[in-house]
Amino acid sequence: MTNRRKFLKSIAAVSSLSLASCGWRLGDVRAYSATKGSSDQLFVYTWDIYTDEELFKTFNAQTGIKPQADVFDSNETMLSKLQAGGGGAYSVINPSDYMVRKMVNLGLLTELNHQRLIGLDNFFPRFQNPTYDPNNRHSIPFNWGTTGFIYNSEKLTNPPEDWDYLWQNQEQLSKRMTLLNDIREVMGGTLRMLGYSYNSKDEKEIKQAYEKLKVLKPSVAAFTTDAWRNQILAGDLLLAMCVSSDAVKLSKENPKLKYVIPKSGTSLWTDTIVIPKTAPNVEGAYAWINWILQPGVAAKTSQRLNLSTPNRAAFEQLPKKVQNNSSLFPPESILNKCERIAPLGQIEEVYERYWTELTSG
């Protein structure tokens, strides 16, 4: 599988940037001055869809800190790199919710000083005291969403409604569908189809999910988190498993592409902002978080990157059309059927073993 991790070149300072014209304001984020033992660079380890050049340029212009981004395609890839000692340069990381708990248990994250953060009370209640990180002691919610399917509505006149659609239409979808390169999402969705929890700890249930996926695998073009986007835009794919933010963005580029949340339930995920214990630029990391927490910044980021914001003050600044987009902000009736992915302890080894068997060869 093609290695999609890539290192992005540093964003140059843009001294001529007109901050007033693009709507960005520094607010309470103070300009950062490099001191002894610190740096005017901020290395961020994040998902590909969050490497936003405009945000980087504006942050750099107002704080003097130059962000650089390295991207990962799964939480497991990110964790493996950190555990192998390759994460010493990063001061900001964007793990998903379940990975936050795992990283805390492994002693990898800094406990946040909330007195250094501004705007924590702006979050919707469901994000203020999350189960994966009580009282947001180690993480700040950056955005959230669901996992589902994006499909070509012109070519699939019988649209998908639930997970079992993949198996029922396997012949039509053969080599024209992709699944995420994500153990917990793919196994979780299959478990849900079988009537089990996304977070099953029953090895018999996990094996059943593996057996179902083994039947489907010959028809799967690839397990990929990123590469499917251009393929479905080009018409090479009929359907791709994806996260809601990706689907909303691509449906704007091609209105024939539609997003559906499996009606039996799916994952409700939150991607967060954390500071690793090995962060070389803690001051810059706090400046970055405070920048992101500003309602105006969060609202513009939500619109430009097609993200569901957990920031209530930012949500209130969004156009009604965006607020009413059910792909970004599903109704409670759907959210109530969703589950957060949770750490599973030792049983994760079972998931990994079956995943390796499924994706190898």
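Lys175 is partly exposed, with a relative accessible area of 49%. Partly exposed here means between the two cut-offs: buried is under 20% relative accessible area and exposed is over 50%, with a 1.4 Å probe and protein chains only. Lys175 sits in the loop between helix H6 (170-173) and strand E5. Its phi is near 60 degrees, a positive value in a residue other than glycine.

Before going on, the ground rules. This is a predicted model, where local features need pLDDT of at least 70 and side-chain atom pairs count only at pLDDT 80 or more, while totals for chains, interfaces and linings use all residues. Residues are numbered from 1 along each chain as its sequence is written, and side-chain values use heavy atoms, with hydrogens and water left out.

Ala221 belongs to strand E6 (residues 220-223), and at 37% relative accessibility it counts as partly exposed. Ala221 and Leu173 are 48 residues apart in sequence, with their C-alpha atoms 9.3 Å apart in space.

Now the chain overall. It has 16 helices and nine strands. Helices (H or I, at least four residues) and strands (E, at least two) are DSSP runs, numbered from the N terminus. Of the 361 residues, 55% are buried. Among contacts between residues at least 6 apart in sequence, 77% join residues at least 24 apart. The chain exposes about 15700 Å², and carbon and sulfur atoms supply 48% of that. That area comes from the Shrake-Rupley method with a 1.4 Å probe; for residues, only the protein chains shown count as cover.

On cysteines, the disulfide count is zero, where a disulfide is a pair of cysteine sulfur atoms within 2.5 Å. Cys242 counts as buried at 0% relative accessibility, and Cys338 counts as buried at 13%.

How many cavities of 30 Å³ or more does a search of the whole structure find? The search finds five. A cavity, on a 1 Å grid over the protein atoms alone, is a set of points where a 1.4 Å probe fits but cannot get out, and lining residues have an atom within 4 Å of a point. Grid points are joined across faces, edges and corners, and a volume is the space filled by probe spheres set on the points.

The largest cavity has a volume of about 320 Å³. It is lined by 25 residues, and the closest to its centre are Trp47, Ser96, Asp182, Val243 and Asp271. Helix H4 (97-105), helix H9 (228-233), strand E7 (239-243), helix H10 (244-253) and strand E9 (268-273) are the elements that give two or more residues to this lining. E9 gives the most, with three residues. By class, the lining of the largest cavity has 11 nonpolar, five polar and nine charged residues. Nonpolar covers Ala, Val, Leu, Ile, Met, Phe, Trp, Tyr, Cys and Pro; charged covers Asp, Glu, Lys and Arg; the others, Gly among them, are polar.

To stay with Asp182 for a moment: this residue lies in the loop between strand E5 (177-179) and helix H7 (183-193). At 10% relative accessibility, Asp182 counts as buried.

Of its 14 lining residues, Phe142, Ile292, Ala298, Thr309 and Pro310 are the closest to the centre. Strand E4 (140-152), helix H11 (282-293) and helix H12 (295-305) each supply at least two residues of the lining, and H12 has the largest share, four residues. This second lining has nine nonpolar, five polar and no charged residues.

Asn306 is in the loop between H12 and helix H13 (312-315). Asn306 has a positive phi of about 60 degrees although it is not a glycine, and at 5% relative accessibility it counts as buried.

Last, helix H2 (residues 53-63). Its buried residues include Leu55, Phe56, Thr58 and Phe59. H2 is followed by Gly64, whose phi is positive, near 85 degrees.

Conventions:
Contact means heavy atoms within 4.5 Å. On a 1 Å grid over the protein atoms alone, a cavity is a set of points where a 1.4 Å probe fits but cannot get out, and a pocket is an open set with protein on both sides within 12 Å along at least five of seven lines; lining residues have an atom within 4 Å of a point.
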